Amino acid sequence: ARRRPVRAGRGGRCAARPLTPGAPMATFRFRAQVALDFRRRQQEEADRALGEARRAVRDAESRLAEAEARHADALRRAEQGGCGEGAGQPVEWHRNWILLRRREIARSRQALADREAAERRAAARALEAHRRVRSLERLKERTRLAFELVARRDEQKSLDELGGRQYVARR
């Protein structure tokens with residue numbers, strides 16, 4: 001007598017089970033494994049992009065710190081009376097030089113803000129990729145558990161049937 005395959009849970013999908021007694025038990029095969037592998041690659045790419053964005057933020061922070069240090073050095077030189085590379089340079093030239101340092105700081109701050117925004121976008125993409133992978137992993141785990149439940153039930157049915165046959169044979 002052939003047994004009908006039983007679906008586990010709410011429309012859970014399992015790999016095919018043997019319908020004949022004594023046939024080897026089928027192994028679990030997750031049908032969406034290709035999608036899970038694809039999502040994992042997407043997650044790795046998103047994590048890599050996030051790392052690069054964080055590195056860019058650190059670089060922008062260091063460039064800003066360098067620009068601020070150059071500006072502070074220019075101000076210190078102005079206070080000490082040494083203007084520019086050689087002493088005795090016009091004050092107008094030194095003011096323009098300090099203005100150039102301030103503009104450099106402003107550009108560095110803008111670059112840092114841009115890099116931080118890019119980092120936030122990369123972090124959001126990495127989080128979304130992680131969520132997608134996690135959802136497929138949970139689906140795989142639920143499907144595997146449902147498959148194992150069906151396999152245990154089939155095994156118990158086979159043992160019960162065998163016990164019934166032995167009981168009838170002894171009578």
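Here is a quick tour of this structure. What you're looking at is a predicted model, where local features need pLDDT of at least 70, side-chain atom pairs count only at pLDDT 80 or more, and totals for chains, interfaces and linings use all residues. Residues are numbered from 1 along each chain as its sequence is written, and side-chain values use heavy atoms, leaving out hydrogens and water.

**Confidence**
- Mean pLDDT (the predictor's confidence in each residue, from 0 to 100) is 85 for the chain, with 80% of residues reaching 70 or more.
- Residues 9-16 fall below 50, and beyond near neighbours in sequence that stretch has 12 contacts (heavy atoms within 4.5 Å) in the model.

**The two helices**
- Helix H1 spans residues 33-80 and helix H2 residues 91-170; their axes come within 7 Å and cross at roughly 165°.
- That makes H1 and H2 roughly antiparallel, a label for angles over 145 degrees.
- The residues of the H1 contact with H2 split into 26 nonpolar, 7 polar and 20 charged; Asp, Glu, Lys and Arg count as charged, Ala, Val, Leu, Ile, Met, Phe, Trp, Tyr, Cys and Pro as nonpolar, and the others, Gly among them, as polar.

**Aromatic pairs**
- There are 2 aromatic pairs, meaning rings of Phe, Tyr and Trp (its six-membered ring) with centres within 6.5 Å.
- Phe28 and Phe147 have ring centres 5.7 Å apart and planes at 55°, so the pair is tilted, as planes under 30 degrees apart are stacked, over 60 edge-to-face and the rest tilted.
- Phe28 sits in the segment before H1 and Phe147 in helix H2, 119 residues apart.

Definitions and conventions. Axes are lines fitted to C-alpha atoms, for helices over the stretch in contact, and angles run from 0 to 180 degrees between N-to-C directions. Helices (H or I, at least four residues) and strands (E, at least two) are DSSP runs, numbered from the N terminus. Angles under 35 degrees count as roughly parallel, over 145 as roughly antiparallel, 65 to 115 as roughly perpendicular and the rest as oblique.
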